[in-house]
Amino acid sequence: MPESHAVPARGRVGVMLPRDLPVAEMLPYARRAEELGFEQIWVVEDLGWRGGIAQAASVLAATTSVTVGIGILPAGARNVCFTAMELATLAQLHPGRTVAGIGHGTPDWMRRAGSWPDSPLTLIKEYTTALRALLRGEPGPANGRYVRCEGVVLTETPDVVPPVVLGVRGPRSQKAAAEVADGLLLAEPAAPAYITASLRHLGTAVTTSAPEIVTYDAAAVDDDEEAALVRVRAGLEAVGEPDWAAHIDPLPFAAELRAHRAACPDARHFARTMPAAWVRELSIAGTPSQARAAIDARHAAGATSVVLVPAGPGALACLDSLARALDQCL
(Lines give C-alpha, C1' and ligand atoms only; values in the text may rest on other atoms or scores of the structure.)
Protein backbone atom coordinates (compact mmCIF):
# COMPACT_ATOMS: atom_id res chain seq x y z
CA MET A 1 0.00 0.00 0.00
CA PRO A 2 1.24 3.53 -0.65
CA GLU A 3 2.49 5.64 2.19
CA SER A 4 0.64 8.67 3.45
CA HIS A 5 2.18 12.02 2.62
CA ALA A 6 4.79 13.35 5.00
CA VAL A 7 3.81 15.48 7.98
CA PRO A 8 4.08 19.08 6.76
CA ALA A 9 7.02 21.14 7.88
CA ARG A 10 6.26 24.47 9.49
CA GLY A 11 7.28 27.83 8.17
CA ARG A 12 7.39 27.26 4.42
CA VAL A 13 7.29 30.10 1.90
CA GLY A 14 5.95 29.60 -1.61
CA VAL A 15 5.08 31.70 -4.61
CA MET A 16 2.19 31.69 -7.05
CA LEU A 17 2.66 31.31 -10.77
CA PRO A 18 0.57 34.26 -12.03
CA ARG A 19 -2.37 33.21 -14.19
CA ASP A 20 -1.68 35.96 -16.73
CA LEU A 21 2.02 35.19 -17.12
CA PRO A 22 2.90 34.96 -20.84
CA VAL A 23 3.31 31.33 -21.78
CA ALA A 24 6.95 31.82 -22.80
CA GLU A 25 7.75 33.00 -19.26
CA MET A 26 6.00 30.20 -17.34
CA LEU A 27 8.79 27.66 -17.12
CA PRO A 28 11.62 30.21 -16.73
CA TYR A 29 9.57 31.69 -13.86
CA ALA A 30 9.19 28.26 -12.23
CA ARG A 31 12.89 27.45 -12.59
CA ARG A 32 13.84 30.85 -11.20
CA ALA A 33 11.51 30.41 -8.22
CA GLU A 34 13.17 27.09 -7.38
CA GLU A 35 16.65 28.56 -7.89
CA LEU A 36 15.80 31.42 -5.50
CA GLY A 37 14.80 28.98 -2.78
CA PHE A 38 11.02 29.14 -2.75
CA GLU A 39 9.78 25.84 -1.33
CA GLN A 40 6.50 25.71 -3.22
CA ILE A 41 5.05 26.93 -6.51
CA TRP A 42 1.26 27.11 -6.73
CA VAL A 43 -0.64 27.15 -10.00
CA VAL A 44 -4.24 28.33 -10.32
CA GLU A 45 -7.12 27.15 -12.47
CA ASP A 46 -9.42 30.07 -13.26
CA LEU A 47 -12.08 29.75 -15.93
CA GLY A 48 -10.80 30.96 -19.28
CA TRP A 49 -7.12 30.95 -18.33
CA ARG A 50 -4.98 27.78 -18.05
CA GLY A 51 -5.65 24.27 -16.78
CA GLY A 52 -4.30 23.42 -13.35
CA ILE A 53 -3.16 19.86 -14.03
CA ALA A 54 -1.39 20.77 -17.28
CA GLN A 55 0.43 23.64 -15.56
CA ALA A 56 1.42 21.46 -12.62
CA ALA A 57 2.76 18.71 -14.87
CA SER A 58 4.84 21.19 -16.84
CA VAL A 59 6.26 22.91 -13.74
CA LEU A 60 7.09 19.58 -12.10
CA ALA A 61 8.93 18.42 -15.22
CA ALA A 62 10.82 21.72 -15.52
CA THR A 63 12.06 21.72 -11.91
CA THR A 64 13.83 19.21 -9.70
CA SER A 65 12.69 19.44 -6.08
CA VAL A 66 10.18 22.23 -5.47
CA THR A 67 6.69 21.20 -4.37
CA VAL A 68 3.92 22.14 -6.80
CA GLY A 69 0.45 22.88 -5.51
CA ILE A 70 -2.72 23.08 -7.58
CA GLY A 71 -5.08 25.63 -6.14
CA ILE A 72 -7.78 24.85 -6.93
CA LEU A 73 -9.48 22.19 -9.04
CA PRO A 74 -13.27 22.76 -8.90
CA ALA A 75 -15.03 19.58 -7.78
CA GLY A 76 -17.86 20.07 -10.28
CA ALA A 77 -15.55 20.30 -13.28
CA ARG A 78 -14.09 16.77 -13.46
CA ASN A 79 -15.09 13.20 -12.84
CA VAL A 80 -13.34 12.13 -9.64
CA CYS A 81 -11.98 8.88 -11.12
CA PHE A 82 -10.12 10.72 -13.84
CA THR A 83 -8.92 13.43 -11.48
CA ALA A 84 -7.50 10.69 -9.26
CA MET A 85 -5.74 9.12 -12.26
CA GLU A 86 -4.16 12.45 -13.23
CA LEU A 87 -2.99 13.25 -9.71
CA ALA A 88 -1.72 9.72 -9.12
CA THR A 89 0.31 9.93 -12.31
CA LEU A 90 1.87 13.25 -11.26
CA ALA A 91 2.67 11.79 -7.84
CA GLN A 92 4.23 8.67 -9.35
CA LEU A 93 6.42 10.67 -11.72
CA HIS A 94 7.39 13.25 -9.07
CA PRO A 95 7.13 11.56 -5.67
CA GLY A 96 6.32 13.80 -2.71
CA ARG A 97 6.17 16.99 -4.79
CA THR A 98 2.44 17.51 -5.37
CA VAL A 99 -0.35 19.06 -3.30
CA ALA A 100 -3.89 18.92 -4.67
CA GLY A 101 -6.32 21.72 -3.88
CA ILE A 102 -10.03 21.03 -4.39
CA GLY A 103 -12.79 23.61 -4.08
CA HIS A 104 -16.29 24.61 -5.07
CA GLY A 105 -15.06 26.96 -7.77
CA THR A 106 -16.35 30.50 -8.25
CA PRO A 107 -20.16 30.14 -8.43
CA ASP A 108 -20.57 32.46 -11.43
CA TRP A 109 -17.89 30.63 -13.41
CA MET A 110 -19.25 27.23 -12.51
CA ARG A 111 -22.80 28.19 -13.47
CA ARG A 112 -21.59 29.49 -16.82
CA ALA A 113 -19.82 26.18 -17.35
CA GLY A 114 -22.96 24.24 -16.36
CA SER A 115 -21.21 22.64 -13.37
CA TRP A 116 -22.72 24.27 -10.26
CA PRO A 117 -24.58 21.68 -8.11
CA ASP A 118 -27.67 22.19 -5.99
CA SER A 119 -25.58 21.29 -2.91
CA PRO A 120 -21.93 22.30 -3.30
CA LEU A 121 -21.16 21.09 0.23
CA THR A 122 -22.49 17.59 -0.47
CA LEU A 123 -20.53 17.42 -3.70
CA ILE A 124 -17.20 18.48 -2.22
CA LYS A 125 -17.51 16.06 0.71
CA GLU A 126 -18.34 13.13 -1.56
CA TYR A 127 -15.68 14.15 -4.07
CA THR A 128 -12.86 14.59 -1.57
CA THR A 129 -13.67 11.36 0.27
CA ALA A 130 -13.61 9.43 -3.00
CA LEU A 131 -10.50 11.16 -4.33
CA ARG A 132 -8.41 10.39 -1.26
CA ALA A 133 -9.57 6.77 -1.19
CA LEU A 134 -8.71 6.26 -4.86
CA LEU A 135 -5.27 7.86 -4.42
CA ARG A 136 -4.58 5.41 -1.58
CA GLY A 137 -5.42 2.50 -3.86
CA GLU A 138 -8.68 1.73 -2.09
CA PRO A 139 -11.95 0.94 -3.88
CA GLY A 140 -14.18 3.92 -4.54
CA PRO A 141 -16.81 4.39 -1.81
CA ALA A 142 -20.51 3.75 -2.18
CA ASN A 143 -22.20 5.94 -4.77
CA GLY A 144 -23.51 9.21 -3.41
CA ARG A 145 -25.77 11.99 -4.59
CA TYR A 146 -23.18 13.34 -7.05
CA VAL A 147 -20.09 11.12 -7.03
CA ARG A 148 -20.37 7.65 -8.50
CA CYS A 149 -17.24 5.53 -8.36
CA GLU A 150 -18.24 2.56 -6.22
CA GLY A 151 -15.69 -0.24 -6.55
CA VAL A 152 -13.36 1.65 -8.91
CA VAL A 153 -9.70 0.88 -8.13
CA LEU A 154 -6.65 2.59 -9.59
CA THR A 155 -4.08 0.13 -10.91
CA GLU A 156 -1.31 2.73 -10.73
CA THR A 157 -1.00 4.47 -7.36
CA PRO A 158 1.82 6.62 -5.97
CA ASP A 159 4.22 5.55 -3.25
CA VAL A 160 3.65 8.90 -1.55
CA VAL A 161 0.01 9.97 -1.57
CA PRO A 162 -0.33 13.70 -2.25
CA PRO A 163 -2.19 15.70 0.38
CA VAL A 164 -5.62 16.99 -0.62
CA VAL A 165 -6.57 20.38 0.78
CA LEU A 166 -9.87 22.22 0.41
CA GLY A 167 -9.80 25.75 -0.96
CA VAL A 168 -13.01 26.93 0.71
CA ARG A 169 -14.15 30.03 2.62
CA GLY A 170 -17.39 29.33 4.46
CA PRO A 171 -17.56 27.91 8.01
CA ARG A 172 -19.53 24.81 6.95
CA SER A 173 -17.14 24.04 4.11
CA GLN A 174 -14.11 24.57 6.35
CA LYS A 175 -15.64 22.26 8.94
CA ALA A 176 -16.06 19.68 6.18
CA ALA A 177 -12.33 19.96 5.47
CA ALA A 178 -11.73 18.65 8.97
CA GLU A 179 -13.79 15.58 8.12
CA VAL A 180 -12.64 14.70 4.62
CA ALA A 181 -9.39 16.50 3.71
CA ASP A 182 -5.78 17.00 4.77
CA GLY A 183 -6.17 20.71 5.45
CA LEU A 184 -7.17 24.07 4.02
CA LEU A 185 -6.08 26.45 1.31
CA LEU A 186 -7.02 30.02 2.26
CA ALA A 187 -7.27 32.38 -0.69
CA GLU A 188 -6.05 35.94 -0.49
CA PRO A 189 -6.27 37.93 1.66
CA ALA A 190 -5.32 35.60 4.50
CA ALA A 191 -4.65 37.92 7.43
CA PRO A 192 -3.69 36.22 10.71
CA ALA A 193 -7.18 36.84 12.13
CA TYR A 194 -8.74 35.00 9.18
CA ILE A 195 -6.33 32.09 9.65
CA THR A 196 -7.28 31.88 13.32
CA ALA A 197 -10.99 31.94 12.52
CA SER A 198 -10.58 29.24 9.87
CA LEU A 199 -8.69 26.99 12.28
CA ARG A 200 -11.55 27.33 14.75
CA HIS A 201 -13.88 26.01 12.06
CA LEU A 202 -11.60 23.02 11.58
CA GLY A 203 -11.91 22.24 15.28
CA THR A 204 -10.36 19.05 16.60
CA ALA A 205 -11.89 16.51 14.21
CA VAL A 206 -9.16 16.82 11.59
CA THR A 207 -8.16 13.80 9.56
CA THR A 208 -4.47 14.33 10.25
CA SER A 209 -2.56 15.39 13.34
CA ALA A 210 -0.77 18.13 11.38
CA PRO A 211 -3.15 19.63 8.82
CA GLU A 212 -1.81 21.61 5.90
CA ILE A 213 -2.83 25.28 6.14
CA VAL A 214 -1.82 27.06 2.94
CA THR A 215 -2.38 30.81 2.63
CA TYR A 216 -2.28 33.15 -0.36
CA ASP A 217 -1.52 36.86 -0.10
CA ALA A 218 -0.72 39.62 -2.57
CA ALA A 219 2.91 40.58 -2.03
CA ALA A 220 5.21 43.48 -2.88
CA VAL A 221 8.47 44.39 -1.19
CA ASP A 222 10.58 47.51 -1.64
CA ASP A 223 13.04 49.53 0.41
CA ASP A 224 10.51 52.32 -0.12
CA GLU A 225 7.44 51.20 1.85
CA GLU A 226 5.05 53.45 -0.03
CA ALA A 227 6.19 52.09 -3.39
CA ALA A 228 5.42 48.55 -2.23
CA LEU A 229 2.00 49.54 -0.90
CA VAL A 230 1.14 51.26 -4.16
CA ARG A 231 2.02 48.10 -6.14
CA VAL A 232 -0.02 45.78 -3.95
CA ARG A 233 -3.25 47.81 -3.82
CA ALA A 234 -4.52 46.51 -7.16
CA GLY A 235 -4.52 43.02 -5.67
CA LEU A 236 -6.95 44.15 -2.97
CA GLU A 237 -9.68 45.59 -5.19
CA ALA A 238 -12.05 42.66 -4.66
CA VAL A 239 -11.86 42.39 -0.88
CA GLY A 240 -14.73 44.80 -0.29
CA GLU A 241 -17.16 42.67 -2.27
CA PRO A 242 -19.66 40.29 -0.59
CA ASP A 243 -17.84 37.09 -1.62
CA TRP A 244 -14.91 38.12 0.57
CA ALA A 245 -16.95 38.55 3.75
CA ALA A 246 -15.39 35.52 5.44
CA HIS A 247 -11.92 37.06 5.02
CA ILE A 248 -13.01 40.42 6.40
CA ASP A 249 -15.37 39.51 9.26
CA PRO A 250 -12.58 38.51 11.73
CA LEU A 251 -10.73 41.84 11.30
CA PRO A 252 -11.11 44.60 13.90
CA PHE A 253 -11.76 47.15 11.13
CA ALA A 254 -14.35 45.06 9.24
CA ALA A 255 -17.20 47.54 9.74
CA GLU A 256 -15.02 50.47 8.71
CA LEU A 257 -13.84 48.62 5.62
CA ARG A 258 -17.43 47.93 4.53
CA ALA A 259 -18.38 51.55 5.11
CA HIS A 260 -15.38 52.66 3.04
CA ARG A 261 -16.37 50.32 0.19
CA ALA A 262 -19.96 51.62 0.28
CA ALA A 263 -18.70 55.19 -0.03
CA CYS A 264 -16.47 54.42 -3.04
CA PRO A 265 -17.73 54.53 -6.63
CA ASP A 266 -15.87 51.37 -7.64
CA ALA A 267 -13.44 48.71 -6.45
CA ARG A 268 -10.41 50.46 -7.90
CA HIS A 269 -11.09 53.65 -5.96
CA PHE A 270 -11.75 51.56 -2.85
CA ALA A 271 -8.32 49.92 -3.03
CA ARG A 272 -6.45 53.08 -3.98
CA THR A 273 -7.88 55.03 -1.01
CA MET A 274 -7.72 52.29 1.61
CA PRO A 275 -5.73 53.28 4.73
CA ALA A 276 -2.15 52.02 4.64
CA ALA A 277 -2.66 50.09 7.88
CA TRP A 278 -5.38 48.03 6.23
CA VAL A 279 -3.18 47.35 3.21
CA ARG A 280 -0.43 46.03 5.48
CA GLU A 281 -2.88 43.74 7.28
CA LEU A 282 -4.43 42.40 4.07
CA SER A 283 -1.21 41.74 2.18
CA ILE A 284 2.49 41.03 2.56
CA ALA A 285 3.82 44.42 1.59
CA GLY A 286 6.23 47.09 2.66
CA THR A 287 9.91 47.07 3.51
CA PRO A 288 11.78 43.77 3.84
CA SER A 289 11.44 43.80 7.63
CA GLN A 290 7.70 44.53 7.40
CA ALA A 291 7.19 41.72 4.90
CA ARG A 292 9.13 39.27 7.03
CA ALA A 293 7.02 40.23 10.04
CA ALA A 294 3.82 39.66 8.02
CA ILE A 295 4.98 36.21 6.95
CA ASP A 296 6.00 35.33 10.50
CA ALA A 297 2.59 36.45 11.78
CA ARG A 298 0.83 34.10 9.37
CA HIS A 299 3.03 31.19 10.38
CA ALA A 300 2.43 32.01 14.04
CA ALA A 301 -1.33 31.99 13.40
CA GLY A 302 -1.10 28.45 12.03
CA ALA A 303 -0.14 28.63 8.35
CA THR A 304 2.15 25.81 7.26
CA SER A 305 2.81 27.45 3.89
CA VAL A 306 2.63 31.16 3.11
CA VAL A 307 2.30 31.66 -0.63
CA LEU A 308 3.19 35.05 -2.09
CA VAL A 309 1.20 36.37 -5.05
CA PRO A 310 3.58 38.81 -6.80
CA ALA A 311 2.01 42.23 -7.31
CA GLY A 312 3.13 44.68 -9.94
CA PRO A 313 4.43 44.52 -13.51
CA GLY A 314 7.22 42.19 -14.55
CA ALA A 315 6.69 38.82 -12.86
CA LEU A 316 10.33 37.73 -12.99
CA ALA A 317 11.53 41.04 -11.59
CA CYS A 318 8.92 40.81 -8.83
CA LEU A 319 10.07 37.29 -8.05
CA ASP A 320 13.67 38.37 -7.69
CA SER A 321 12.78 41.32 -5.47
CA LEU A 322 10.65 39.16 -3.18
CA ALA A 323 13.40 36.58 -2.82
CA ARG A 324 16.14 39.13 -2.18
CA ALA A 325 14.04 40.90 0.38
CA LEU A 326 12.78 37.76 2.08
CA ASP A 327 15.94 35.65 2.07
CA GLN A 328 15.72 35.20 5.83
CA CYS A 329 12.42 33.37 5.35
CA LEU A 330 13.61 31.03 2.60
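How many residues of strand β4 (residues 98-103) are buried? Hold that thought for a moment, everyone.

First, some housekeeping. This is a predicted model, where local features need pLDDT of at least 70 and side-chain atom pairs count only at pLDDT 80 or more, while totals for chains, interfaces and linings use all residues. Residues are numbered from 1 along each chain as its sequence is written, and side-chain values use heavy atoms, with hydrogens and water left out.

Now the overall picture. The chain has 14 helices and 9 strands; these are DSSP runs numbered from the N terminus, with helices being H or I of at least four residues and strands E of at least two. The radius of gyration is 19 Å, close to the 20 Å from the globule rule for 330 residues, so the chain is as compact as a globular protein of that length. For that comparison, the radius is taken over C-alpha atoms, and the rule is 2.2 Å times the number of residues to the power 0.38. Along the principal axes, the C-alpha atoms fill a box of roughly 60 × 40 × 35 Å.

Of the 330 residues, 54% count as buried, meaning under 20% relative accessible area with a 1.4 Å probe and protein chains only. As for contacts (heavy atoms within 4.5 Å), residues 24 or more positions apart make up 73% of those with a separation of 6 or more.

Back to my opening question: in β4, 6 of its 6 residues are buried. Both faces are covered, with Thr98, Ala100 and Ile102 on one side and Val99, Gly101 and Gly103 on the other. Strand β3 (residues 67-74) runs parallel to β4, and 5 bridges join them; DSSP must find at least two bridges for strands to pair. One of these links is between Ile70 and its bridge partner Ala100.

Next, please find Leu166, which sits in strand β5 (residues 164-166). Leu166 is buried, with a relative accessible area of 0%. What is Leu166 in contact with, leaving aside neighbours within four places in sequence? Its partners include Ile102, Ile124, Thr128, Ser173, Ala176, Ala177 and Val180. Ile102 brings us back to β4, where it is one of the buried residues.

Ser173, Ala176, Ala177 and Val180 are among the buried residues of helix α6 (residues 171-180). The buried residues of α6 pack against α5 (120-135), β5, β6 (183-186) and α7 (192-202).

Conventions. Buried < 20%, exposed > 50% of the residue type's maximum accessible area, 1.4 Å probe, protein only.
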